[in-house]
Amino acid sequence: MTAALVLIAVFTLATAAVALSLRNLIHSALLLIASWFGIAAFYLWAGAEFVAFAQVLVYVGAVSMVVLFAVLLTRRSRADTVIGPDSVARAISAVITGVAVFGVLGVAILKTSFGRLSPADVPPLPGGTGVSSVISAPTATVRDIGIQLMSTHAAALLIIGILLTVALLGAVVLAAQEGPESKHESP
Amino acid sequence: MSLDPLPLCLLFSSALFGLGLIGALARSNTILVLLGIELMLNAANLNFIAFWRYGPATSPATGVMFVMFSIAVAAAEAAVGLALIIAVYRHQKTIRLQEANRLKG
């Protein structure tokens, strides 16, 4: 159980680290897709199957394509996907910052006792112990998620639909090529 | 050394966040900076799922809901960000951050 988590974590972190240190943009994008696959595997491991499939659909399927299109649209020549070296001083300070953030978060996580938090907050079930309800995994079937999306979170679902529509229309407007006829259109 | 799954998940997510931060700060290519930010968003989603799975019991699908909406917002953000990159590239003919320093179009 834990070994699988460590394996997934090592795979995801290794692909992400290599992706962010490569010079070739196409290789970086493909390795980041592998990293997103690792995150989807983590969701599957944690029992959130629907989120895992959403992650595969949205990140591995859609965002990766948008990223690859952006890489290919912003190169000047056919071999222009290899970028020049970045400044070493900035890289060093970035690594120091990142390691410091990870250190602070890691120390905070390791100093916190999560085990004491969970069972105390759960009211004991009739005919059972409160601890068992914490140990047993929560289940969210697609049916549960659908019912909650349509009842409790219906307003949020509508708002996210409007947000996606507005964002994608804005993206089209931003990225649209200005043709010669758009110069003399009426204000 | 035996750790519970929850701290392990949180350490995993912090490491991913740190990696994304390093990528976003160190690289000068705008696409890689955006991908670093995406990694940080993904790390936050990992936290939601980890606390949903191992944290105090809540209503059944709360963490899943949060992550669904978070993924939707991240997708919108990625689309707008990459459209901005293409628009900047058309004006400046480069996507290096240091060279995109003019406010005048």
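Is the crossing of α4(A) and α1(B) left-handed or right-handed? The crossing of these two helices is right-handed. A crossing counts as left-handed if the near helix is turned anticlockwise from the far one by less than a right angle, and as right-handed if clockwise.

## Basis of the model

This is a predicted model, in which local features need pLDDT of at least 70 and side-chain atom pairs count only at pLDDT 80 or more, while totals for chains, interfaces and linings use all residues. Residues are numbered from 1 along each chain as its sequence is written, chains are lettered from A and ligands numbered from 1 in the order in which they are written, and side-chain values use heavy atoms, with hydrogens and water left out.

## Chain A overall

Chain A has eight helices and zero strands. Its pattern along the sequence reads α-α-α-α-α-α-α-α. Helices (H or I, at least four residues) and strands (E, at least two) are DSSP runs, numbered from the N terminus.

Of the 187 residues in chain A, 32% are buried. Buried means under 20% relative accessible area, exposed means over 50%, and partly exposed lies in between (1.4 Å probe, protein chains only). Among the contacts in chain A with a separation of 6 or more, 47% come from residues 24 or more positions apart. Contact means heavy atoms within 4.5 Å.

## Helix α4(A) against α1(B)

Helix α4 of chain A spans residues 88-111, and helix α1 of chain B spans residues 5-26. They pack at an angle of about 165 degrees, with their axes 8 Å apart. Axes are lines fitted to C-alpha atoms, for helices over the stretch in contact, and angles run from 0 to 180 degrees between N-to-C directions. The two helices are therefore roughly antiparallel. Angles under 35 degrees count as roughly parallel, over 145 as roughly antiparallel, 65 to 115 as roughly perpendicular and the rest as oblique.

On the α4(A) side, the contact residues include Ala94(A), Gly98(A), Val101(A) and Leu105(A). Those of α1(B) include Leu11(B), Phe17(B), Gly18(B) and Leu21(B). By class, this contact has 17 nonpolar, five polar and one charged residues. Ala, Val, Leu, Ile, Met, Phe, Trp, Tyr, Cys and Pro count as nonpolar, Asp, Glu, Lys and Arg as charged, and the others, Gly among them, as polar.

Gly98(A) is buried, with a relative accessible area of 2%. Leaving out residues up to four places away in sequence, Gly98(A) touches Gly18(B), Leu21(B) and Ile22(B).

Val101(A) also sits in helix α4 of chain A. Val101(A) is partly exposed, at 24% relative accessible area. With residues up to four places away in sequence not counted, Val101(A) touches Phe17(B) and Leu21(B). Glu178(A) lies 77 residues from Val101(A) along the chain, and their C-alpha atoms are separated by 43 Å.

Helix α7 (residues 142-150) of chain A packs on helix α3 (residues 62-92) of chain B. The angle is about 70 degrees and the axes are 11 Å apart. These helices are therefore roughly perpendicular to each other. Their crossing is right-handed. Ile145(A), Gln148(A) and Leu149(A) meet Val64(B), Met65(B) and Phe69(B). The contact comprises five nonpolar, one polar and no charged residues.

Within chain B, helix α2 (residues 30-54) packs with α3(B) at about 175 degrees, with axes 9 Å apart. The pair is therefore roughly antiparallel. Here the contact residues are 15 nonpolar, six polar and two charged.

## Aromatic pairs

Over all chains, the structure holds six aromatic pairs. Rings of Phe, Tyr and Trp (its six-membered ring) pair if their centres lie within 6.5 Å; planes under 30 degrees apart count as stacked, over 60 as edge-to-face and the rest as tilted. Phe42(A) and Phe12(B) form an edge-to-face pair, 5.7 Å centre to centre with 70 degrees between the planes. Phe42(A) lies in helix α2 (residues 25-45) of chain A and Phe12(B) in helix α1 of chain B, so the pair joins two chains.

Both Phe42(A) and Phe12(B) are buried. Ring pairs link Phe42(A), Tyr43(A), Trp45(A), Phe12(B) and Tyr54(B) into a cluster.
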